[in-house]
Amino acid sequence: MAGVSKVRVVGRLRPTVNLAPQLRVLGDGKTIDIDFSKSGDGSRPPKTVDHQKKQFSFVLDDVLDMSASQEQVYSTCAADLVDAALEGINGTIFAYGMTGAGKTYTMSGSPSLSFGRRGLIPRVIQNIFQKIASNPSTITTIRVSFLEIYNEKLYDLIRPESKGLTIHESGDPSSSDSGSATSVKNLSMPLCQTEHDALDCLFQGETNRVIAAHRLNKNSTRSHCIFTIHISQRQSVGDRGDVIVSKLNLVDLAGSERVSKTGSEGVILKEANYINKSLSFLEQVVVALSDAKRTHIPYRQSKLTHFLQDSLGGNSKTTMVANISCIAPHLHETLSTLRFAERVMTISNVVKVNVTHDPVLYIKRLEKQIEELKMELDL
Ligand code: ADP
Ligand code: MG
């Protein structure tokens, strides 16, 4: 059974340190107002059709203000997707915003942070394992993967030595393992029996990311990181080999600010091109999806959009966290994040429970039953 699921957008305001916030959230908890005439540094609004316009207002599905705890972020952005994933429905949460706006803090927290400040990924892991433990009639297998996309190349963060990573498309989404249109060939997917196993993979991946960034001179604000939890479930008794599969993508995108090409050379220029392209292609996909008349969606223009094909307009419940900096020097970037967020809110996905059949499992079950019957008959 398929159902329509609108992409949800939750704004999260990053606390300001020494400067006063230059935007306000209205009492409905959904509307953000930006007033350029009040920005103390004299920054002007961008040239819009209405040149006089100084005030901008954006309505999102939810806005979490500066005081929101990490636990609140989990319950607002992730709790429903975790429940859906355990029912066999794919999910994606992605954090979008300029560098420094709080994407990594939202998605991962930091290994060095105290327990209460852990981000969405460790909380999702903890909740999934808790829910599995409370449901012994279902045999659940959890695997995780951790992919980095940098300058249009794919890197396996759990096993950095993996080679030949490519994005694959299965002909029929319903027949693929994860019930999704895309998967990454050669990406390691270790089995995790406990919450600790999965957290180890997360921390190992984050460490590998830092090591590789130093070694290859990569700028980590320019890469996209995708931690995926792959879930496979079957009944412990009496089923016919049906397996319910789903995956949850937790995405920390590169900073959304445009990288200036002027004055950059060599590697930096190449990087500026890639990063600008990758996020422009994401925007192009979002624009195409928000235009009901468009039939061709240009997913294949970049690795990121190809990978996220399911998450935007496909078989996935999706939430975007728009990470917002509230200080005057960043108002232009904030405006562009919020414009993007409003477009994303127009996207609808069609989700379904992914059921596959495992004939080997079914035959094993039948063989076991025959053995039991033989024993009963004393043959
Ligand atoms: P991004 O990943 O978007 O570049 P970060 O998540 O690294 O940004 O955040 C930049 C800095 O701000 C980090 O030091 C982070 O710990 C801090 N920070 C971000 N959001 C919050 C928050 N909600 N509460 C406290 N500190 C935050
Ligand atoms: Mg970051």
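**Figure 1. The shell of residues around ligand 1.** In this predicted model, the residues of the shell around ligand 1 fall into three nonpolar, eight polar and two charged. Of the 13 residues around the ligand, those that come nearest are Thr99, Gly102, Lys103, Thr104 and Tyr105. Helix α3, residues 103-107, supplies the largest share of this shell, with three residues.

Figure 2. An unreviewed UniProt entry lists Gly97, Met98, Thr99, Gly100, Ala101, Gly102, Lys103 and Thr104 under "binding site". Is Ala101 buried or exposed? Ala101 counts as buried, because 27 C-beta neighbours lie inside 10 Å and the cut-off for a buried residue is 20 or more.

**Figure 3. Strand β2 and its two partners.** Strand β2 covers residues 8-13, and six of its six residues are buried, so the strand is largely enclosed by the rest of the structure. Both of its faces are covered: Arg8, Val10 and Arg12 are buried on one side, and Val9, Gly11 and Leu13 are buried on the other. Strand β2 runs parallel to strand β14 (residues 317-324), and six bridges join the two. Leu13 has Ile324 of β14 as its bridge partner. Strand β2 is also parallel to strand β6 (residues 62-64), to which three bridges join it. Here the bridge partner of Gly11 is Val63 in β6.

**Figure 4. Met320 in strand β14.** Met320 is part of strand β14. Because it has 29 C-beta neighbours inside 10 Å, Met320 counts as buried. Between Met320 and Val251 there are 69 residues of separation in sequence, while their C-alpha atoms are 9.4 Å apart in space.

**Figure 5. Strand β1 and its partner β15.** Strand β1 is formed by residues 2-6; of these five residues the number buried is zero, so the strand lies largely in the open. Which strand pairs with β1? The partner is strand β15 (residues 348-352), and the pairing is antiparallel over five bridges. Within this pairing, Lys6 has Ser348 of β15 as its bridge partner.

**Figure 6. An open sheet of three strands.** The strands follow the order β3-β4-β5 and pair in the antiparallel sense. At the edges are β3 (23-25) and β5 (55-59), each of which pairs on one side only. From one strand to the next, the twist averages 15°. Strand β4 (residues 31-35) is joined to β5 by five antiparallel bridges. Opposite Asp35 stands Gln55, a residue of β5. In general, the strands of a sheet pair through backbone hydrogen bonds.

**Figure 7. Helix α4.** Helix α4 has 14 residues (120-133); at 1.5 Å a residue they should span 20 Å, which agrees with the 20 Å between its end C-alpha atoms. Which residues of α4 are buried? They are Leu120, Ile121, Pro122, Arg123, Val124, Ile125, Ile128 and Phe129.

**Figure 8. Two residues with positive phi.** Most residues other than glycine have a negative phi. Glu152 has a positive phi, near 65°, and is placed in the loop between β8 (138-150) and β9 (153-156). Glu152 counts as partly exposed, because 13 C-beta neighbours lie inside 10 Å. Asn186 also has a positive phi, near 70°, and belongs to the loop between β11 (182-185) and α5 (195-215). With 13 C-beta neighbours inside 10 Å, Asn186 is likewise partly exposed.

**Figure 9. Arg234 in strand β12.** Arg234 is a residue of strand β12, which covers residues 224-235. Arg234 is partly exposed because 18 other C-beta atoms lie within 10 Å, and a buried residue has 20 or more. How far apart are the C-alpha atoms of Arg234 and Pro329? They are separated by 53 Å, and the two residues are 95 residues apart along the chain.

Methods. Residues are numbered from 1 along each chain as its sequence is written. Chains are lettered from A and ligands numbered from 1 in the order in which they are written. This is a predicted model: local features need pLDDT of at least 70, side-chain atom pairs count only at pLDDT 80 or more; totals for chains, interfaces and linings use all residues. Two strands pair if DSSP finds at least two bridges between them. Helices (H or I, at least four residues) and strands (E, at least two) are DSSP runs, numbered from the N terminus. Axes are lines fitted to C-alpha atoms, for helices over the stretch in contact, and angles run from 0 to 180 degrees between N-to-C directions. The expected span of a helix is 1.5 Å times one less than its number of residues. A residue is buried if 20 or more other C-beta atoms lie within 10 Å of its own, exposed if 12 or fewer, and partly exposed in between; C-beta atoms are placed from the backbone. A residue is near a molecule or strand if its C-beta atom, placed from the backbone, lies within 6 Å of it. Ala, Val, Leu, Ile, Met, Phe, Trp, Tyr, Cys and Pro count as nonpolar, Asp, Glu, Lys and Arg as charged, and the others, Gly among them, as polar. UniProt positions are given in the numbering used here, feature names are shortened, and annotations may be inferred rather than shown by experiment.
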